[in-house]
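Q: Could you go through a protein structure with me? I'd like to ask questions as they come up.
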Amino acid sequence: MSDPDLAGALALAEYAPGEAAVLSDAERWPTIDREGSARLSRWRSHPDAPHWTHATGDRLTAEQVERVRRPLATAGWLDEHLAAARRTLRYRGMPAGAALEDHPTISRSDLVEDLAAFVPLDADLSRMLHGTSSGSTGAALLIPDDVEEVARGFHLLLSLAERAGATVVAVGERMALVNLVFQRQAFTYASVISSFAHRAMARLNLHPSAWPAPAARTRFLADADPQILSGHPTSLAELLDAGLDDVLHPAVVFSGAMALSAPLRARLEAALACPVIDVYGLHETRPIAARTDDGPFRILDRRVHVEVLDPRRDVAVPPGAMGEIVVTAGENPLLPLVRYRTGDHGRLVTFPDGTRGIADLEGRDNTRFRGADGTLVPCVEVTQQLQSHGAEGWSIEQDSDGEVSATIVAGDLDAIRLALHALLGQPLTVRQVARPIDLGEGKPRRYRSAVPD
């Protein structure tokens, strides 16, 4: 970008290198050994390493390392979960015998308005991390993450991989996991997994601006050759489009955050010769369901309960009918969600083995806009800019000629207009409305693009 004023308009402080680095390595990895420290140092200082922006570790003690390797028990979990919810300010008035259906539904706006009301009063906050969720319905949200629950997520991936016929083992110096994003600005870091023999993992941004030289990205990935690749459809498509699959040999690929199309799944399976597992979930709820083909998502055997309700009332739809997906999530002890409306829609179905699933899932779309120079800009970059300037809801459309029309709720209108112009470089119209409902029916955040992708 040649105009420095426009480049500055896109800067986001939270992605400044080291902006949130406050712990020592000994605090990040209490059990790290000499080999793990050497492994971490190697990847941090790799000659082709990207521009690392953060440093983060799992903070697990030796006792926690053992616990996170096993899934939480599911017998009787729902009663325990509702009891935990009653220890929050939000549900302190609910009687002890209240059934799940007696609890009103909640939505992301409830968490944005008063997140602390959903944290148990007896929660162990010494175990808390915080993660940012851009969500699909507006304002960004800081979520209290539990260190054990976050670390247990890696072992969920291992179990899903094993069920799909993939083998992932802690041997040699291959990276265990690489999480891929493709954004102009993103959190990136190298780390080690304490509960997996301190094998290395990394969060990498495939955007060319994140690397010291064009060929560095290829060389680094070839050296890392991760056993597990995870990302969203935008970053996984970039992996293929850039020819990076030629240097990778993953045992399994995980896709999440956005809808994975059947054609992209087929491309990934053909190029990488391994299972591709599509995971449905939200940061707030954690993984809910997964699939290894283009059929219904199979609800995971963990502390998660799924209902499909009328979008406007707390009433279940008829069996097999479309409705809003509502989740009760008990994996994160710091945020025991009860009947959380996801904003996504689908049908509940039953597999031949009795497992429940979600069919015809209508979630967040993988929308990309075309910039004036022909580059494709993923909607996550638009989200970052809108939220950084205070927008609470929006609808962004691009017509077949490239012209962009944006309607926003709240926020700094002039700053948003400048940011969208800097990001897309296309003819642009931005207008502001008073309330999310003024955007029309459906989710407050919507993206549509008519240009060829």
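Q: Which residue lies over the face of Trp-43?
A: This is a predicted model, and in the model Arg-42 lies over the face of Trp-43, at 4.3 Å from the ring centre.

Q: What cluster is Trp-43 part of?
A: Trp-43 belongs to an aromatic cluster, which it forms together with Trp-52, Trp-211 and Phe-220.

Q: Back to Arg-42: which side chain does it meet in a salt bridge?
A: The partner is Asp-223, and the N to O distance in this salt bridge is 2.8 Å. In general, side chains of opposite charge can pair when their charged atoms come close.

Q: What about Arg-217, which residue does it form a salt bridge with?
A: Arg-217 forms a salt bridge with Glu-238, and the closest N and O atoms of this pair are 3.2 Å apart. Arg-217 lies in helix H8 and Glu-238 in helix H9, residues 233-241, so this pair ties together parts that are 21 residues apart in sequence.

Q: Is Arg-217 buried or exposed?
A: Arg-217 is buried, because its relative accessible area is 12% and the cut-off for buried is under 20%. Glu-238 also counts as buried, at 13% relative accessibility.

Q: How many salt bridges does the structure hold?
A: The structure holds 30 salt bridges. One of them is between the side chains of Glu-331 and Arg-302, with an N to O distance of 3.4 Å. That pair links distant parts of the chain, 29 residues apart, with Glu-331 in the loop between strand E12 (323-329) and strand E13 (337-350), and Arg-302 in the loop between strand E10 (297-299) and strand E11 (304-309). Glu-331 counts as buried at 6% relative accessibility, and Arg-302 counts as buried at 12%.

Q: And which residues do salt bridges with shared partners join into one network?
A: That network is made of Arg-67, Arg-127, Asp-146, Glu-148 and Arg-152.

Q: Changing topic, how many aromatic pairs are there?
A: The structure holds 7 aromatic pairs. One of them is formed by Tyr-91 and Phe-118, which are edge-to-face, with 6.3 Å from centre to centre and 75 degrees between the planes.

Q: Where in the chain are Tyr-91 and Phe-118?
A: Tyr-91 is in the loop between helix H5 (77-85) and helix H6 (108-113), and Phe-118 is in the loop between H6 and strand E1 (128-133), so that the pair links distant parts of the chain, 27 residues apart. Tyr-91 is buried, with a relative accessible area of 3%, and Phe-118 is buried too, with a value of 1%.

Q: What kind of pair do Phe-154 and Phe-196 form?
A: They form an aromatic pair that is edge-to-face, at 5.1 Å centre to centre and with 65 degrees between the planes. Phe-154 is in helix H7 (residues 147-163) and Phe-196 in the loop between strand E4 (189-193) and strand E5 (199-205), so the pair ties together parts that are 42 residues apart in sequence.

Q: Which ring has the charged end of Arg-298 over it?
A: The charged end of Arg-298 sits over the ring of Phe-351, 4.0 Å from its centre.

Q: Where is Gln-183 found?
A: Gln-183 is found in the loop between strand E3 (177-181) and E4, and Gln-183 is buried, with a relative accessible area of 7%. A polar atom of the Gln-183 side chain lies 2.9 Å from the backbone oxygen of Gln-185.

Q: Which residues is Gln-183 in contact with, leaving aside its neighbours within four places in sequence?
A: Its contacts beyond those neighbours are Asn-205, His-207, His-232, Val-380, Glu-381 and Gln-384.

Q: Last one: how many helices and strands does the protein have?
A: The protein has 12 helices and 20 strands, and of its 453 residues, 52% count as buried.

Methods:
Residues numbered from 1 in each chain as written. Predicted model: local features only at pLDDT ≥ 70, side-chain atom pairs only at ≥ 80, totals over all residues. Heavy atoms only, no water. Phe/Tyr/Trp six-rings, centres within 6.5 Å; stacked < 30°, edge-to-face > 60°. Helix = DSSP H or I, 4+ residues; strand = E, 2+ residues; numbered from the N terminus. Buried < 20%, exposed > 50% of the residue type's maximum accessible area, 1.4 Å probe, protein only. Lys NZ or Arg CZ within 6 Å of the ring centre and 35° of its normal. Salt bridge = Lys/Arg side-chain N within 4 Å of Asp/Glu carboxyl O. Polar contact = N/O pair within 3.5 Å; in protein donor to acceptor, adjacent residues only side chain to side chain. Contact = heavy atoms within 4.5 Å.
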